[in-house]
Amino acid sequence: MTARHLFALRVVPSLPVRQAAGSAAIAAVLLVWWFLTSGVTPEARTISPSVFPSPMEVIRGFPSLVTDRNLIGGIAASLNRVFLGFGLALLVGIPLGIVAGSFRLIGAAAQPISLFGRTIPVAALLPLTLQMFGIGELQKVMFIFLATAPFVFHDTARAIASVHDRYVDTAQTLGASSADVMAKVLIALALPDIYATIRTMFGIAFGYIMLAEVVDAKAGLGFIMLQSQRRGMPEHLVATLFVISALAYGLDALFRFFQRGLFPYREDHD
Amino acid sequence: MTSDATPPPASATPPPVVKFDRVSKTYDGGYTAIRDVTFEVDDVPGHMEIVGILGPSGCGKSTVLRLIAGLTPQHPATSGTVEVMGKPVAMPGADRGFVFQDYTSFDNRTVQDNIAFGLECRGMGSAERTALAREWIAKVGLDVDRDAEKYPHELSGGMRQRVALARTLILKPRVILMDEPFGALDPGTRYAMQDLLVSLAREVQATVFLVTHSIEEAVYVGDRLFIFSNAPGTILRQMSTPPPDRPARVMQREASFLDIVFEVRDIVDGIEESAGAAT
Ligand SMILES: Nc1ncnc2c1ncn2[C@@H]1O[C@H](COP(=O)(O)OP(=O)(O)OP(=O)(O)O)[C@@H](O)[C@H]1O
Ligand SMILES: [Mg+2]
């Protein structure tokens, strides 16, 4: 493979080449980071340690992040809120979405409300939920719920509605009742798309929870980051960032794993 | 639909399998696809007809099939009556099977479960319907051991249409509606599918309506031909053709067969020319 071939338009390189490219980019970022934060004394550094820590400081900060700052408890608190709030969003959004996608009159009725829900800025949901639910766990759960439910609903309805008419026609000429069409055709064929929505929205919900925790919380990853900033411990802040990133990746990998098992007939798993 | 209330005449002869009486269809936009289509296909025990339907594109062939099936938005007709076995068509049902040109296998079901779909809707038990489905996999020329557990995306176009045929025939429909079912297949596969259709339609004793753009296919498979005029479509000619009693590949090369094909082609070309002159 020549260098010219590597830069050809839209030609997909082999997996090792792609991985090498990704690793090289990470190495470059680390190198720049290391260079900008290196120096024997704080004054000798291009970026002062009070502004941004060096890679080694972040690594050395990990043990105390776990022991002193209760990282594990923070992860548990954040995940718990996401599971509750997002779980509630699925419980409400998916059945309603199925109904709205199957019965077009109900879909039309829900359309403006759904649009309103999806256009509320997340930032606006913070004061709103604080106003409505006070400070505490309920507010965080409801924040996640309100931020994700309209999207879960909308995407589910769209997945159901976009099942092609020819499948419905076929089922009916094979003697399917309306209930059969809904269960065996509409839901069955839309399920992979609904699952893909759940996977994407879960990732977004996991990102959103930090927002609520930064504003007000007694525990959670967002809380740890805010405290780190206030106490002047940037190495904990940055280390938490890496933990969040790894966690998000791990959870998504779990979703992908189940996606492969659940829908072997779909090849587009990424 | 004024004649809904009139009871069928009391007589010993069974009602026609399909009867169109001055059927017209004007779509919501105001476009009239078919006008005053009238025909009868009689129920003659032991002689199940295959009706080939030819006509220029857009003349309403699919509209006619979907009216028989009871599928919206073609159903209900704007005027006239559509009757199947003496009863006005009210909605789709398994007594009128449909094979579409588009591949309509359910992606989430294996070949076996696709074929068992209708039986499942009837409430047949899992073991029983699986056994029947496997019988039909073999009947349509697929390999039970190799293909039963495959998903549609692993099948070729010809195999998918075999599945579609099996899925319909397993329900023993009285009428089979086929809308260019072999249109996307290569010629060799097409011959094989024509032979398969003829033998299986005889086996399940079904009346078949086959819409096709291939004159050879219509003349070969059909016992009878309907030739439609330009839109708004109406039946211009009905003619009988020799029954398909030899393999497609053999019969479609015979001189007597080709004579009929040329005769039909002249009629069809005549229709298309008149359309060209009109516009
Ligand atoms: N749902 C619909 N709404 C409005 N017009 C329609 C609809 N379905 C079909 N038509 C019109 O009715 C006419 C007949 O359509 P139809 O599909 O029955 O033709 P066809 O003979 O099957 O054509 P082809 O050979 O191209 O499949 C066409 O002009 C088409 O545009
Ligand atoms: Mg058509």
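Over the ring of which residue does the charged end of B:Arg167 sit? I looked this up first, and found the charged end over B:Phe106, 5.3 Å from the ring centre; a charge sits over a ring here if NZ of Lys or CZ of Arg is within 6 Å of the ring centre and within 35 degrees of the ring normal. By that rule I also noted B:Lys139, which lies over the face of B:Trp136 at 4.4 Å from the ring centre.

**Ground rules.** I am working with a predicted model, in which local features need pLDDT of at least 70 and side-chain atom pairs count only at pLDDT 80 or more, while totals for chains, interfaces and linings use all residues. Residues are numbered from 1 along each chain as its sequence is written, chains are lettered from A and ligands numbered from 1 in the order in which they are written, and side-chain values use heavy atoms, with hydrogens and water left out.

**Aromatic pairs.** I took rings of Phe, Tyr and Trp (its six-membered ring) as paired if their centres lie within 6.5 Å, calling planes under 30 degrees apart stacked, over 60 edge-to-face and the rest tilted. By this rule I have 17 aromatic pairs over all chains. One of them is A:Phe86 with A:Phe202, edge-to-face at 5.9 Å centre to centre and 65 degrees between the planes. This pair links distant parts of chain A, since A:Phe86 is in helix H4 (residues 71-102) and A:Phe202 in helix H9 (residues 178-215), 116 residues apart; helices (H or I, at least four residues) and strands (E, at least two) are DSSP runs, numbered from the N terminus.

I checked burial next, where buried means under 20% relative accessible area, exposed over 50% and partly exposed in between (1.4 Å probe, protein chains only). A:Phe86 counts as buried at 3% relative accessibility, and A:Phe202 is buried at 6%.

**Ligand 1.** Counting a residue as near if one of its heavy atoms lies within 4 Å, I find 14 residues around ligand 1, with B:Ser57, B:Gly58, B:Lys61, B:Ser62 and B:Thr63 the closest. Helix H1 (residues 61-69) of chain B gives the most to this shell, with 3 residues.

For polar contacts I used pairs of N or O atoms within 3.5 Å. A polar side-chain atom of B:Tyr27 is 3.4 Å from a nitrogen atom of ligand 1, whereas a backbone N or O atom of B:Gly60 is 3.0 Å from an oxygen atom of the ligand, and a polar side-chain atom of B:His213 is 3.1 Å from an oxygen atom. Taken alone, ligand 1 exposes 630 Å², of which the protein buries 65% (Shrake-Rupley method, 1.4 Å probe).

**Backbone in chain B.** I noted a cis peptide bond between B:Thr72 and B:Pro73, with omega about 0 degrees, and another cis bond between B:His75 and B:Pro76. B:Pro73 lies in the loop between H1 and strand E4 (79-84). B:Arg22, although not a glycine, has a positive phi of about 45 degrees, and this residue is exposed, with a relative accessible area of 52%.

Notes: Polar contact = N/O pair within 3.5 Å; in protein donor to acceptor, adjacent residues only side chain to side chain.
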